[in-house]
Amino acid sequence: MPETTPKGLTRLAFGGDYNPEQWPETVWQEDVRLMREAGVTMVSVGIFSWALLEPSPGAYDFGWLDRLLDLLHEHGIRADLGTPTVAPPAWFYRAHPQALPVTADGTRYEFGSRGAICHSNTDYRAAAANITTQLATRYADHPALALWHVHNEYGVPVSACYCDSCAAHFRRWLTDTYGTVDALNEAWGTAFWGQRYADFDQINPPRRTPTVGNPGQALDYKRFADATLRENFVAERDILHRLAPGIPVTTNFMTALSQCDSVDYWAWGREVDLVTNDHYLITDGRRTHVNLAMAADLTRSVAGGAPWLLLEHSTSGVNWQPHNPAKAPGQMARNSLAHVARGSEGAMFFQWRQSRRGAEKFHSSMLPHGGTDTRVWREVVELGSFVDSLRTIRGTRTRADVAVLWDWQSWWAQNLQWRPSEDHDPRERADAFYEALYDRHLTVDFAHPEADLSAYPLVVVPALYLMTEAAGNNLKEYVENGGTLVVSYFSGIVDEHDAVHEGPYPGALRDVLGLTVEEFSPLLKDDRVRVTGPDDSELTGDVWSEFVVPRGAETVWTYADGLTAGHPAVTRHRLGEGSAWYVSTRLTAQGLDALLGRAADDARIAPRTDLPRDVEVVCRTGESGTFLFAVNHTALDTKVPLDAHGTELLTGERAAGHVSVPAGAVRVVRLDD
């Protein structure tokens, strides 16, 4: 089995992307001195260095990288060494212009940015394999090498190419997937609009068409594009495994739903030795710490619950959003340790030294333009000390309370054209349900719809438009065996080919929910519906409503007005030993809390009334003990109750009965055995 932890790293990872090629070598000595002062344990190097490593075809210059890795080793700093295949050199594109990707409307991108790659191009594949082989051969036994870092952020900024090479590759992929063109015609429903194919050679990528194209084709092209990226990762990974055994191989994911929607991370999580992730706060008016927690939980889930590593985030502001505010004092540490609470084995940043030139010169860094006499630098040094004090948590796992089902392929299908309402956004529902669970102080695992769910008393389905028959059967068995299920509207509608399940909606979920839906009734913008229920409670919905017909389910809340007035809005179906809840409108945060409160009662999950809003409490546990993380995102000091005595690791103080957490701070208590 491949190694899954960075070789030689005995503490948590702390550091960031290091791009010394942007600076004279005289600066390197200062860099490593300051790295030691900050407590840096690992840096990522070489990620964008192909043009320097191979300045002309077949001519290599490894001298500077030799000196860099030797310098890092001399100062006890481990290296996460990149294969620079995200940024082929200018000479490569001059020789192979067909390696530049083409958009769906036929525009070919130019050289001058990053990630401008047709991943089906055989010349690119050969060149990528060659530079990876050169690096692995030279550095497999270098004492600084801890981790291989393949490529960079697959799927961003280009996830799919539509050129003729991709068309030929797509046809081969379809042949392997379907076997016969008749099977493809059946899956895509090509009898509609006369789209039937007589041969695979007649099929092209879903390029620009006069109106909406075939949704089955569009969905399969998203799968093909993702699989093609993954083929190239696996090719590089296998070279590294063969030539550098014992060194784990990763690539940096972007699991946050706010950052990447083109990659099926369930599939990718099975291919890396160590799951790593990049996360940046999106300043869109949302509570950014909730998005952070969600991304961390999602990353841990992609890792199968195992520890993972935050490979990039920012010390302060970024540079690529319309507005890029600085982080508040203490926020850097709070963000970093919140990731650690949810399973990360450290906190890495982009980048170590702030660039003077290039597109990201205003992106914050560990060592800012202002140098060491800056707030950011002082906070970096303090955070390095914090991270070092947490070394005993290595290898422990985060404990979850509930599961949320998510499937990237369902997201792709949902976001195709011509759905009942453009206002229904699966990401918005996932965010909303997660935030409601977060506000109930429940730690979330994400799970694939066909995964084993038996460990969770409560499973939530915010948005699963696409659901296989196997997934539907899985949820039915889960409820029958005593689980509590909550499902939101427009879920279970189509199969894996975007074909509506035979019979009435909601297809794959009819039996477990004990109901059918006669018709969707999406609401116009700014329309609202009132929903009344137990104890004269009244909730509000928008965007969506449905004509629900109970087939064994009981009505809990009812539409009080609108076209669906008098019809069930929220139902509960007792099935076997468990229960399944269904909500057929988009409830507000208050409504979601009321719904989840009732479902939590079914699941026998006690409410956490002893914790204020925006104070998160998460536990990691393992052979080295149980560690309670208390993260205070509020402006007020608070006290978090403890079930046992313990030692607070950041201050060294003893904690009994409770731990005091200052405003904006984090405390980590190792509970006594």
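This is a predicted model: local features need pLDDT of at least 70, side-chain atom pairs count only at pLDDT 80 or more; totals for chains, interfaces and linings use all residues.

1. The largest cavity has a volume of about 90 Å³, and 14 residues line it, with His-119, Ser-159, Ala-160, Cys-161 and Thr-228 lying nearest its centre. Helix α8, which spans residues 215-243, gives the most to this lining, with 5 residues. Sorted by class, the lining of the largest cavity holds 10 nonpolar and 4 polar residues, and no charged ones.

2. Overall build. The secondary structure of the chain comes to 17 helices and 29 strands. The radius of gyration is 26 Å, close to the 26 Å that the globule rule gives for 673 residues, so the chain is as compact as a globular protein of that length. Taken along the principal axes, the C-alpha atoms fill a box of roughly 75 × 75 × 45 Å.

3. The parallel sheet. Strands of a sheet pair through backbone hydrogen bonds, either parallel or antiparallel. An open sheet of 9 strands shows parallel pairing, and its order reads β5-β4-β3-β2-β1-β9-β8-β7-β6. Its edge strands are β5 (249-250) and β6 (252-253), each of which pairs on one side only. Within this sheet, strand β8 (residues 308-312) and strand β9 (residues 344-349) run parallel and are joined by 2 bridges; the bridge partner of Trp-308 in β9 is Ser-344. Helix α12, made of residues 375-389, lies across β1 (13-17) and β9, and runs at about 140° to β1.

4. The antiparallel sheet. Another open sheet has 6 strands with antiparallel pairing, in the order β10-β23-β24-β29-β26-β27. Here the edge strands are β10 (397-398) and β27 (654-655), and each pairs on one side only. The link between β10 and strand β23 (residues 615-622) consists of 2 bridges, with the two strands running antiparallel, and Arg-397 stands opposite Thr-621 in β23. Helix α11 (residues 331-341) lies across β10, β23, β24 (625-632) and β29 (666-671), and runs at about 145° to β24.

5. The largest pocket. Which residues lie nearest the centre of the largest pocket? They are Phe-48, Arg-114, Phe-350, Ala-359 and Glu-360, out of a lining of 43 residues. About 1200 Å³ of space lies in this pocket. Helix α2 (residues 50-53) gives the most to the lining, although its contribution is 3 residues. By class, the lining of the largest pocket has 20 nonpolar, 14 polar and 9 charged residues.

6. The second largest pocket. This pocket has a volume of about 980 Å³, and of the 37 residues that line it, Ala-104, Tyr-162, Pro-206, Ala-218 and Lys-222 are the closest to its centre. The elements that give two or more residues to its lining are α8 and α13 (408-414), and the largest share, 8 residues, comes from α8. Its lining residues divide into 20 nonpolar, 11 polar and 6 charged.

7. A point to follow in the view. Helix α8 gives the most to the lining of the largest cavity, and α8 also supplies the largest share of the lining of the second largest pocket.

Terms used
Residues are numbered from 1 along each chain as its sequence is written. Side-chain values use heavy atoms; hydrogens and water are left out. On a 1 Å grid over the protein atoms alone, a cavity is a set of points where a 1.4 Å probe fits but cannot get out, and a pocket is an open set with protein on both sides within 12 Å along at least five of seven lines; lining residues have an atom within 4 Å of a point. Grid points are joined across faces, edges and corners, and a volume is the space filled by probe spheres set on the points. Helices (H or I, at least four residues) and strands (E, at least two) are DSSP runs, numbered from the N terminus. Ala, Val, Leu, Ile, Met, Phe, Trp, Tyr, Cys and Pro count as nonpolar, Asp, Glu, Lys and Arg as charged, and the others, Gly among them, as polar. Two strands pair if DSSP finds at least two bridges between them. Contact means heavy atoms within 4.5 Å. Axes are lines fitted to C-alpha atoms, for helices over the stretch in contact, and angles run from 0 to 180 degrees between N-to-C directions. The radius of gyration is taken over C-alpha atoms; the globule rule is 2.2 Å times the number of residues to the power 0.38.
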